[in-house]
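This briefing concerns a single protein chain. Please consult the sequence and the coordinates alongside the text.

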Amino acid sequence: MTSLQTWPLTFLLVITVHCSNSLEDNQIPSLCTGSPGIPGSPGLHGSPGQPGRDGRDGRDAQPGEKGEKGDRGGSGQSGERGLTGDRGDPGEKGEKGSPGECAVAPKSAFSVKLSEARTTPLTVSDAVRFDNVVLNEQGDYNPETGRFTCRVPGVYYFAVHATVYRSSLQFDLIKNGNAVASYFQIFGNWSKPASLSGGTLVHLIPGDQVWVQMALEKRHFCCTATD
């Protein structure tokens with residue numbers, strides 16, 4: 001009876017000592033004679049952790065210095081022409097303007113004749129110098145030479161009148177030395193004075209000269225001209 005009860009106790013004691021052997025870091029080396037074990041394989045990666053909390057907001061920094069101005073960019077391509085818009089409504093009628101000044105067209109005219117007291121005879125090829133000036137506001141006729149000098153371009157009408165008594169008469173209208181018209185009266189043994197008149201249109205430019213020139217004998221002349 002005594003030996004049967006002791007064995008289980010002894011067995012349990014041995015187991016107890018063996019199991020406590022690793023827990024006490026080999027405090028009993030005489031009982032641990034095994035070789036070190038093979039290192040285990042690396043463990044698997046763990047599952048992702050929970051997201052961390054948001055960090056605190058940083059403090060506002062001082063504004064940075066202004067940077068240098070960049071180079072100017074190149075011109076862009078022209079855009080497409082837009083559609084023509086609708087025609088707008090008519091505007092309101094403006095106020096009536098003030099009357100303008102009437103423009104005065106330049107002109108040149110004269111009227112001259114021979115004085116009754118003139119006794120100087122006229123010969124062929126002489127320019128008739130009409131000394132009695134009736135109208136010559138522009139001063140284009142020169143009574144010293146008997147010539148009209150054009151300053152205003154245009155078409156002029158020259159009219160010449162003469163009175164002859166018991167004589168034949170011929171005179172020419174001269175432009176720059178060339179006859180542009182000729183007028184003549186042949187004496188027919190009349191007892192009374194006869195009249196000789198003529199006129200013609202002449203185109204003149206500034207600098208042109210016109211005068212009456214004798215071709216036969218003379219009597220009394222009157223000459224007018226207007227443009």
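The points below cover the overall fold, the nonpolar core and the salt bridge.

The model is predicted. Its protein chain contains 1 helix and 10 strands, and the structure holds 1 salt bridge. The largest nonpolar core has 26 residues.

**Overall architecture**

- Along the sequence, the secondary structure elements of the protein chain run in the order α-β-β-β-β-β-β-β-β-β-β.
- Of the 227 residues in the protein chain, 22% are buried.
- Among contacts in the protein chain with a separation of 6 or more, 68% involve residues 24 or more positions apart.

**The largest nonpolar core**

- Within this core of 26 residues, the members that touch the most other members are F148, F158, F171 and L204.
- At least two core residues come from each of β1 (109-113), β5, β6 (169-175), β7 (178-185), β8 (194-204) and β9 (209-214).
- The strand that gives the most to this core is β5, which supplies 5 residues.

**The salt bridge**

- Side chains of opposite charge can pair when their charged atoms come close.
- In this model, the salt bridge is formed by the side chains of D140 and R151, with an N to O distance of 2.6 Å.
- D140 is located in the loop between β2 (132-135) and β3 (141-142), and R151 in the loop between β4 (147-149) and β5 (154-164), so the pair ties together parts that are 11 residues apart in sequence.
- D140 counts as buried because its relative accessibility of 6% falls under the 20% cut-off.

**Surroundings of R151**

- Which residues does R151 touch, not counting those up to four places away in sequence? They are Q138, D140 and P206.
- The side chains of R151 and D140 are also joined by a polar contact of 2.6 Å.
- The C-alpha atoms of R151 and S108 are 7.9 Å apart in space, while these residues are 43 residues apart in sequence.

Key:
Residues numbered from 1 in each chain as written. Predicted model: local features only at pLDDT ≥ 70, side-chain atom pairs only at ≥ 80, totals over all residues. Heavy atoms only, no water. Salt bridge = Lys/Arg side-chain N within 4 Å of Asp/Glu carboxyl O. Helix = DSSP H or I, 4+ residues; strand = E, 2+ residues; numbered from the N terminus. Buried < 20%, exposed > 50% of the residue type's maximum accessible area, 1.4 Å probe, protein only. Core = buried A, V, L, I, M, F, W, Y, C linked by side-chain atoms within 4.5 Å. Contact = heavy atoms within 4.5 Å. Polar contact = N/O pair within 3.5 Å; in protein donor to acceptor, adjacent residues only side chain to side chain.
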